[in-house]
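Please keep the sequence and the coordinates at hand while reading.

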Amino acid sequence: MTTTRTIVGPEAPLAADLHLPTKYGRAEHVLDILIRSIVPILLALVAGGLLLLALGHNPLIFYRDIWRGGVESGSWQDSAIRMAPFLLIAAGLTVIFRANIWNLGYNGQFLLAAALVSGYAPALVGDLPLWFATVLLFLLAGATAALWTLVPAVLKARYGTNEIITTLMMSFIAIDLASILIKGPFHDPTTPLPQTEVIPLEKMLPSIPGTRIHVGVLVAFAAVLVVHFVLTRTSWGLRIQILGANPRAARHVGIKLPRLIIVAFLTSGFLIGLAAAADILGLWGYIRTGWNPAYGDTIIPFVFLARLNMLAVVPFIAFFSILSTGGDLAAQQAGLPTDFLLVLVGLILLFMTVIEYLGRRRELGESYLSPGLRQALRAPILRRREA
Amino acid sequence: MNAPNDTGVPIVQLVGITKRFPGVLANDRIDLALHGGEVHCLLGENGAGKSTLIGILSGLLRPDAGTILIDGVETTIASPRAALEIGVGTVPQHSALIPALTVLQNLMLGDNRRLRLDATGARQRLGELADLLGVEVDPDTKAIDLSLGNQQQVEIIKALWRGSRVLILDEPTSMLTPQGVEELGKVLARLKERGHAIIFITHKLHEALSLGDRISILRQGRLVGAIEPDSLRSASAEDLRAEIVRTMFGEAARAVSDAPELQEEVVEGLHVEPPAVGADTVLELQHVTAPGEGAELGIDDVSLELKEGEILGVAGVDGNGQRSLAEVIAGQRTPARGDVLLYGARVTRLPVASRQKLGLRYVTDDRIGEGIVGPLPVGLNLFLKRIGQRPFWRHGRLQRAAVNRRAAELVREFDVRTPSVSTRAATLSGGNIQKVLLARELSFDPKVVVFHKPTYGLDVRTTGTVRELIRGLAGGGGSALVVSTDLDELLEVCDRIAVLSRGRLVGVVGNGQGAAEEVGRLMLGESDAERAA
Amino acid sequence: MILASQVWTQLFWTTLLSGGLVAGTPLMFTALGETISERAGVLNIGLEGMMLLGAYFGFLGTYYGHSVWLGYLCGMAAGIGASLVMVVLCVWLGLDQIVVGIAITLAGEGVTSVLYQTHFSTSQPLLGAVPRDPIPLLDQIPILGKAVNGEFPLFSQPLIVYLGLAFAVLLTWIYRSTNVGLNLRAAGEKPEALDAAGVSVMATRSYAAMATGALAGIGGALLVILTGTFQPFLTQGQGFIAIVIAMLARGNPLGVVAGSFLFGISLSLNDELQLIGVNLSPEVLHMLPFVLIIVALVLFARRAYLPPALALPYVRGAR
C-alpha cells in the first residue's frame, strides 16, 4: 500500500503527536521546511544585490549598513519597536487568510485607526486615568478598523462580492478620509502643519524597564500567542480552517458561513487597529497627512512563508524588522529611496512561489499557503512524474 | 445485436498498453481491437482501468508501454487535438459542453482554420449530423438549458464533427432514462451502419449484453476476458452472464453475484421489506418549492412522506431537482415556499446543526467537494458535524485524545482503510472516503438519513456494504431516503420509489414487478394524473 | 457662491466631457486589457504594477525619443515584460495568481520609484504638451468642436484616444464573431472543454495575459504623457479601478468605455469645479470615484459575473 505522510503544519495539529511513517524522516522533513522558508529570502537578497549593482551601488556595503542600522549600537531596540505593528498586522492577516479571504485593505484600516487614536488621544490622556485612557484608545483603534471591514464583509457574506476589490476600494477611501480628519476635526490648532496634537511623552506607552522598547511590543507578543491558540486549538479556529480549505464542506457540516465570514473580517480588522494604536501611542505620538507606512504591504510574504502559522511568523518578522530599520538607514546612506524595500519584498514573494513549485514537484502536499488559498491544490496531486 | 459490416483490418488496435500511476498499475498489457461497424463494450467494475484506457485513446494520457495502430499503422496520440485529427472522437461521461454557450458555439469551438467564425457553415453541418443520427437539435439553445439526453446527443455530434470514424462513449447511460437508453441504442445502430467503430464503457452487464457486439472485460487493470461477436449472438443470456461474472470476479463471484449491476436484465424489488402498516411518518415535505443552482433545477411544489423503518427512493434524471431536495431536507437550502417536518415538528428554518442533533443526517454525493475536508485528518473529519460539542471539544478547546479514541473505534467498525486516524482524508481512496462519510453520518444515533448517490463510482464490494448499511438502518427503526440516478440501485434497495421530473414529484411507485417500466414512464414526464385521464 | 449662469457655460461642459474622456483613456486601455485576461480565466491583480512600469518606461521613451509613439511602444513593451511573470508562474506553473499579482504590484511600485528617483529626482524633466488631432468636419461644430480659450473641445483629442475607442469596438467584434473570442471565453468558462476541442489552454491564456500587459503598459504610458511627468505611485490605484470596471462591465468592452469615461469625469471634476469657483478639498474629490465604485458594487453586487474558471489554473487530466 502507498505510504502516506502526515503534514506537520498549521493544518493538522493532531498529527504532531503520532509517529507516522514518512518518506524522508522527521529530521529531513524539518530541514526541508527550513530550506523552503529561507531560500526565497536569500534569493531575493541576491537579486536585490544585483539590482543595486546595476544602479551603481555596492550591495555588500548596503547590506552591511542594514546590519549596522538594524542591530548594532542599540538599533536592535528600534527594530524591536517595529515588531509591534508588524506582529499585530501579521496576526490580523493570518486569521483572515486562513479563512481564504483576501483582506487587502489593511493599509486603509491601519491609517484610519491611527487617525482616530491620534485625534482622541490628547483629550483622553489628559482627562482620564492613563491606564484607562490607553485601554480605551486601543479598543477604539481596534473597533474603528474592524468597522471599516464591515462593508466588504457584508458584501462578501451576503452576495459573494469579491473582497479583493471591496477592501482595496475601502482602503483608498480610508486614506483620504484620514487626511480629511487630520486636517479637520483632529487638527492641532496650535500649528499650521497638517497634523494632530502631539501626545506628551509621559502619557505615551511606558517602556520596558532598561530599554526604549514600549510595552506595545508586549501587547503584540501576547496577541500572537492568543491568536495562535485560538486558531489551532479551538472550535472557532477549526471552523476558520474549514472555511478556508473548503467552503462548501463548511456549509455542509453546519457552519454558518455569513456569520463566520463577518466575524473573521472583524477580527482581522480589530487586530490591525491594535497595531495602529501600538504604533501611535508607543512610537509616534501624533499623525500627519501624507503618512502611509504601508506596513502590511511589506509583511505579507512573511505571513505566507510562515505557512499561516503565528508562531512561525515571529522569526520572520524579527528578520524583517531588522531589514526595515537598517534598510532605512542604508538607503539614506546610499541615496536610494526607501521604496527599495518594496522591491525586495516583491522579489521574496516571487521566489517563494517558485520555490514552492519546485518543492511541490518533489513531494506531494507540502505547501506554503493553506490549501484553500492555493486553489491549485488539485494540480500537484495529479501531476505525476512518469515512472 | 447486428452483425458487423467490416471484419477486415481493425480501425484502431491497442497492443500491450501499459499505464502506471503512483501506487497502482492502471493498465497492464492490454490488447484491444476496434472494428468498423461494431459496438465494442468495455466492461469492468469501477476502478478496473477502463477510464485510463479511454484516456489514452482520446489523447489525454500517454501510455508507458505498448503500441497504438490506426488502420494498421503505428501512431502516437499525443494530445486531444491529435486524437481528433486521427479521427477519434470522445463523448465523456460528464458533459464537456460549456454551459453558458449555445449549442452552435460549443460545436464551433476548436475550429481554428479561419479567424472569423463560420456560423452558417456550422449550422449546415449540424443539420447534416443531426439527420444522420435521427435527432433534432436547436442550435441556439444554451447548453445549460438542454436536457441530459439532448446534451449527450450534442456531445455525440461534437465527437463526429470533424469526421471521426471512432466514437468513444464513457458510461453514457448513467444519466439517461430507460427510454433514453433505447434511443441511444438506435443512434448507435445508425452509426454502425455507416461503418463507425464504437467503443462503449459500462459497468452494467445487462447493457453490455443488449448493446454490444463484442465485449472485453477488464479486471484490476488487466484484460481478463473477451467475448467474440459469434458467441454473443449464439449463447444464452444466463450462460453469458455466468461466464462474465466468473471472469470478472473469479472465486469471489458468488459473494457479489446478487448485485443488480451483474444481472442479465434489470432487477426489480428482490429484497424489499416494506415497513409495518401504520408506521409513523418521520419526515414530511409539504408543498416545498426551492431554488436550483446553476444548471440544476430546483424543486416545485413537492410533497412526500417518509415512514419509520422505510427506504424511500427518489429517482430521476440528474439535475431535475435532486440536490435541491436533499439540501432542503438537510437544511443547507431554504425553501421559498412550503414546510419540512421532522417527527411532526416544523424544521423548515432550522439550521443544519440543529437538525443533525435531532437525528437527521445527509450523506452527500459530492464526497470530496463537500463531504470531507481533504487537508484535515480522518479523525477530525469524522466529527466535523460536532464541532464544539463534548466530549471532543470542551469550552471550545479541542480534546485530541477523545477524538482519536472514538475515531479509531469508528474506523474499525466501518472498515475504513487508512494508515491512521491522523492521515489526511484526501489521500484515501474513493470507497474509503465514502466509508468515512457513512461512519460520520451513521454514528451518534441517526434516525432519518438522506443518501445522495451512495454507491456512485464504488466497486461492487463496497457497494454491497453500503446497501447493507442502508438496510440495517431501516431494519433498526431508522428511515432512509435514497436519492439516486441509478435505477438499478433503487429497485434493489427501496420499498417505494418517488420520481422527480423537472423539479416536480410526478408519482410514487411501489417496488415490485413492473416498477422499472412505471418509473421510466414517470421520468419522461407522464404523471399519474395524465395516465389516469 | 455658485452662480447658475456660470455652471451652464459651454466652457464648463466641454471641458468636463473632454477632460473626462482624456482622463479616462489610460484607464480605458488598462480595463480593456483586463477584460481579455479575465475572459480567459486569468485574474490580473498585478495590473497596478504593470501600469506603473508602462508609465515609467513610457516616460523614458517619450523623453529620450521625443515622440509619444515611442513612449507608447516602450510602455507596451514594459507591460508585456511584466505580464510574462504572470504567464510563466501562473499560467504555466499553476501558482497562485493573487500572490503573484501582489508581488508584481509591489515590485512594480518599488522598481519604478527607485529607478526614477535614482535618475531623475534632481532633474525632474517635463514632457511637452500632448499634440491634439482634430477630426475633420466634426471640429467645425460650434461648442463641441472648436477650441475655445485654449481649452480642448470634445472632437479634438489626441489620436490615441480615437485609437482606443476604435480598439474597443474591434474588441467587441473579436469577442463576438471570431475564433479567438470563442477560445478566450472557453478558457475562462471551462478550460477542459477547450482542451478537449484540441486548442491549447496554455497558449490561449498566455497570449491573453500578454495582451493585458501590453494594454496596461499603453495605459500607463498615456497617463504619464497626459500628466506631463512621472512620479512614483503615479497611478494611484487606477490599476485596481480597471479591474473593478472590467468586472462591473461583465467583460463588455463598450461597458468598459462607459465606465472609464464616468471615472475620468470624476477625476477631472476638481479642475472643473475650480473653474466655477467651487473649492472642495482635494481629498474629497480624490475619494469620490472610490466611493462611487463601492456604491455601484453595493447596488449591483449581484450582477457582477465572473467566468467560472477565473483564477483557477488548468491541468490536463485533473479531476
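Q: In which sense does α4(C) pass α5(C), left-handed or right-handed?
A: This is a predicted model, in which local features need pLDDT of at least 70, side-chain atom pairs count only at pLDDT 80 or more, and totals for chains, interfaces and linings use all residues. Residues are numbered from 1 along each chain as its sequence is written, while chains are lettered from A and ligands numbered from 1 in the order in which they are written. A crossing is left-handed if the near helix is turned anticlockwise from the far one by less than a right angle, and right-handed if clockwise. On that definition, the crossing of α4(C) with α5(C) is right-handed.

Q: How is α4(C) oriented relative to α5(C), roughly parallel or roughly antiparallel?
A: The axes of α4 (residues 68–92) and α5 (residues 97–120) of chain C come within 10 Å and cross at roughly 155°, where axes are lines fitted to C-alpha atoms, for helices over the stretch in contact, and angles run from 0 to 180 degrees between N-to-C directions. Angles under 35 degrees count as roughly parallel and those over 145 as roughly antiparallel. The pair α4(C) and α5(C) is therefore roughly antiparallel.

Q: Into which classes do the residues of the contact of α4(C) with α5(C) divide?
A: Two residues are in contact if their C-beta atoms, placed from the backbone, lie within 7 Å. C:A82, C:V85, C:M86, C:L89 and C:C90 in α4(C) meet C:Q97, C:V100, C:I104 and C:G108 in α5(C). With Ala, Val, Leu, Ile, Met, Phe, Trp, Tyr, Cys and Pro counted as nonpolar, Asp, Glu, Lys and Arg as charged, and the others, Gly among them, as polar, the residues of this contact divide into 7 nonpolar, 2 polar and no charged.

Q: Which element gives the largest share of the side of chain C that touches chain A?
A: In this interface, 45 residues of chain C are in contact with 45 residues of chain A, and the chain C side divides into 32 nonpolar, 9 polar and 4 charged residues. The elements of chain C that give two or more residues to it are α5, α10 (238–248) and α12 (282–300). The largest share, 14 residues, comes from α5(C).

Q: How many helices and strands does chain C have?
A: Helices (H or I, at least four residues) and strands (E, at least two) are DSSP runs, numbered from the N terminus. Chain C has 12 helices and 2 strands.

Note on methods
Angles under 35 degrees count as roughly parallel, over 145 as roughly antiparallel, 65 to 115 as roughly perpendicular and the rest as oblique.
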